[in-house]
Number of protein chains: 2
Amino acid sequence: MTATTPEHSPNIKIWWEDLVVGQTRDLGSLSPTREEIIAFATQFDPQPFHLSEEAGRASVFGGLSASGWHTCALAMRLMVTNFLHETSSLGSPGLESLKWTRPVYPGDVLRLTSTIVEKRPMSRRPDVGLARTLWEMYNQHGEKVLHMDGYGMFRRREPGVDRP
Amino acid sequence: MTATTPEHSPNIKIWWEDLVVGQTRDLGSLSPTREEIIAFATQFDPQPFHLSEEAGRASVFGGLSASGWHTCALAMRLMVTNFLHETSSLGSPGLESLKWTRPVYPGDVLRLTSTIVEKRPMSRRPDVGLARTLWEMYNQHGEKVLHMDGYGMFRRREPGVDRP
């Protein structure tokens, strides 16, 4: 497995060393339409309350609501477009927690912020560092709809310089 | 918010009371194509290693690989089609953990199993119970690609009969 080298990644502006614990970023917003919500659910999460207004109204959500996986995918889109695309991101091993705290409805305006809460070198890979990040997504009423706490792997500008 | 009643849900065969701690279900398999992997990533996770073989080969994944969110969405599809559709499922408040343990490549055959590890009444809702479930997805080589540990809410057949 050959890793991406700086030569192959002329657009990288942010490396692991540049990530600052405590820093919060506004990663912008987007708004899923009714059609997008139904299309995602039809493909991946065809539960009635994600497919029609009628079934949504009859559910605990009180209306047609987006699949939680759709909400995660929308958060990822903002994360990639407004941050990761200019970083040395190498993907993620996973999340410590994921909470769908409120339903997402058609036309909601969803804004994502990210906060780096921890970073450390990766023990097995002197050229890679981990960053633990909170993802928080809010709707237009200021209500949190998504809370995630997860890890990202980032290539280091200077591999292993702080290792013994 | 009006909840789904049995009158509106003639297809429910499995209620919260019917979920058995320790029970493992085989939820079937599916296989994402190259085109599906690229389409999902284009919409939601446009990182280079999810968009082309060339960038995939140059990444830590060693080839074009699916977005982790795509893997989750595929697991959800199996969960809904082969289990939740005949249950009293009311959605999920979230996950305790999510691990992407191996890359997913085009043509991989992904098989999902679920195991119920805990269940309890929901304190605020005598008509609803929680079930904590492990989701484990394996590829055709027997390698685990996804591990999730999360909660589902299920309507009870007999609301609150075991509450004081």
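Lys99(A) touches His147(A), Pro93(B) and Gly94(B), leaving aside residues up to four places away in sequence. In this predicted model, the residue belongs to strand S2 of chain A. Lys99(A) has 18 other C-beta atoms within 10 Å and is therefore partly exposed. Ile38(A) lies 61 residues away from Lys99(A) in sequence. In space, the C-alpha atoms of Lys99(A) and Ile38(A) are 21 Å apart.

Strand S2 (residues 94-100) of chain A is joined to S2(B) by four bridges. These two strands run antiparallel. Lys99(A) stands opposite Gly94(B) in S2(B). Gly94(A), in turn, has Lys99(B) as its bridge partner. Leu95(A) faces Leu98(B) across the pair. On the chain B side, S2(B) also pairs with S5(B). That pairing is antiparallel and runs over six bridges. Within it, Lys99(B) is the bridge partner of His147(B). Strands of a sheet pair through backbone hydrogen bonds, either parallel or antiparallel.

These pairings are part of a wider arrangement. Ten strands form an open sheet with antiparallel pairing. Their order is S1(A)-S3(A)-S4(A)-S5(A)-S2(A)-S2(B)-S5(B)-S4(B)-S3(B)-S1(B). Strand S1 (24-30) of chain A and strand S1 (24-30) of chain B stand at the edges. Each has a single partner strand, so one side of each is left without a neighbour in the sheet. On average, neighbouring strands are turned by 25° against each other, direction ignored.

Helices lie against this sheet. Helix H3 (residues 68-82) of chain A lies across S1, S2, strand S3 (110-122), strand S4 (125-138) and strand S5 (144-155) of chain A. H3(A) runs at about 120° to S1(A). In chain B, H3(B) packs on the sheet and touches S1, S2, S3, S4 and S5 of chain B. The direction of H3(B) makes about 120° with that of S1(B).

The contact between the chains involves 33 residues of chain B and 33 residues of chain A. Helix H3 (68-82) and strand S2 (94-100) of chain B each supply at least two residues to the side that touches chain A. That side of chain B divides into 17 nonpolar, twelve polar and four charged residues. Of the interface residues of chain B, 100% are also interface residues in chain A, so the copies meet through the same surface.

Symmetry describes how the copies are placed. Two copies of a chain are related by a rotation about an axis and a shift along it.

Confidence values complete the description. The predictor gives the complex an ipTM of 0.92 and a pTM of 0.93. Chain A averages a pLDDT of 92, and 91% of its residues score at least 70. Residues 1-8 of chain A have a pLDDT below 50. Beyond near neighbours in sequence, this stretch has twelve contacts in the model. Where pLDDT is low, the predicted coordinates should not be read in detail.

Notes. Residues are numbered from 1 along each chain as its sequence is written. Chains are lettered from A and ligands numbered from 1 in the order in which they are written. This is a predicted model: local features need pLDDT of at least 70, side-chain atom pairs count only at pLDDT 80 or more; totals for chains, interfaces and linings use all residues. Two residues are in contact if their C-beta atoms, placed from the backbone, lie within 7 Å. Ala, Val, Leu, Ile, Met, Phe, Trp, Tyr, Cys and Pro count as nonpolar, Asp, Glu, Lys and Arg as charged, and the others, Gly among them, as polar. Two strands pair if DSSP finds at least two bridges between them. Axes are lines fitted to C-alpha atoms, for helices over the stretch in contact, and angles run from 0 to 180 degrees between N-to-C directions. pLDDT is the predictor's confidence in each residue, from 0 to 100. A residue is buried if 20 or more other C-beta atoms lie within 10 Å of its own, exposed if 12 or fewer, and partly exposed in between; C-beta atoms are placed from the backbone.
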